[in-house]
Amino acid sequence: MIIETDRLRLRRLSVDDAEFILRLLNEPSFIQNIGDRGVRTVDDARGYIVKGPITSYEKFGFGLWMVETKLPVAPIGICGLLKRDVLDDVDIGYALLPEFWSQGYALESASAVISYAAEKLDLKRVLAVTNSNNQSSIRLLEKMGFKYERMVQLSEDAAEIKLFAAEV
């Protein structure tokens with residue numbers, strides 16, 4: 001376990017989480033707001049976990065973590081830190097299954113990750129990116145003290161998205 005809050009636990013993802021990741025990454029809201037990761041099978045999900053989060057843990061000591069409720073213990077999403085080659089600073093990422101939206105879980109997990117970034121990793125600044133039309137994510141970032149900076153592209157063929165930053 002990496003982080004514990006009143007209602008949640010954040011822990012490293014493992015290949016045993018592949019079925020959950022398959023479901024999360026194929027939610028229409030994930031594809032619309034974050035992107036299609038091309039994960040269509042449990043084997044694809046295992047590959048995603050190994051190439052993404054597990055590689056990030058090994059390289060940087062952080063990555064996207066599984067978000068679980070404590071009672072009952074149930075996976076509800078992912079939240080964590082990413083280091084992208086195209087961004088100068090670490091950014092926060094999060095996604096929850098739709099049935100867990102509007103219950104404060106995104107704010108609780110993301111706030112805990114920001115505290116972890118400041119206290120355990122000694123980061124001074126954290127970024128966040130989101131689609132311009134993802135108003136719920138924009139509201140969450142603003143509630144956490146993130147400020148809009150500019151539009152960015154994460155790759156040459158990607159659409160422009162909003163970049164936010166917060167001093168932590």
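Trainee: Is Phe164 buried or exposed, and at what relative accessibility?

Mentor: This is a predicted model, in which local features need pLDDT of at least 70, side-chain atom pairs count only at pLDDT 80 or more, and totals for chains, interfaces and linings use all residues. Residues are numbered from 1 along each chain as its sequence is written, and side-chain values use heavy atoms, with hydrogens and water left out. Buried means under 20% relative accessible area, exposed over 50%, and partly exposed in between (1.4 Å probe, protein chains only). Phe164 therefore counts as buried, at 1%.

Trainee: How are the rings of Phe60 and Phe62 arranged?

Mentor: A search of the whole structure finds four aromatic pairs. Rings of Phe, Tyr and Trp (its six-membered ring) pair if their centres lie within 6.5 Å; planes under 30 degrees apart count as stacked, over 60 as edge-to-face and the rest as tilted. The centres of Phe60 and Phe62 are 5.6 Å apart and their planes lie at 20 degrees, so the pair is stacked.

Trainee: Which residue lies over the face of Tyr148?

Mentor: A charge sits over a ring if NZ of Lys or CZ of Arg is within 6 Å of the ring centre and within 35 degrees of the ring normal. At 5.3 Å from the ring centre of Tyr148, the residue is Lys162.
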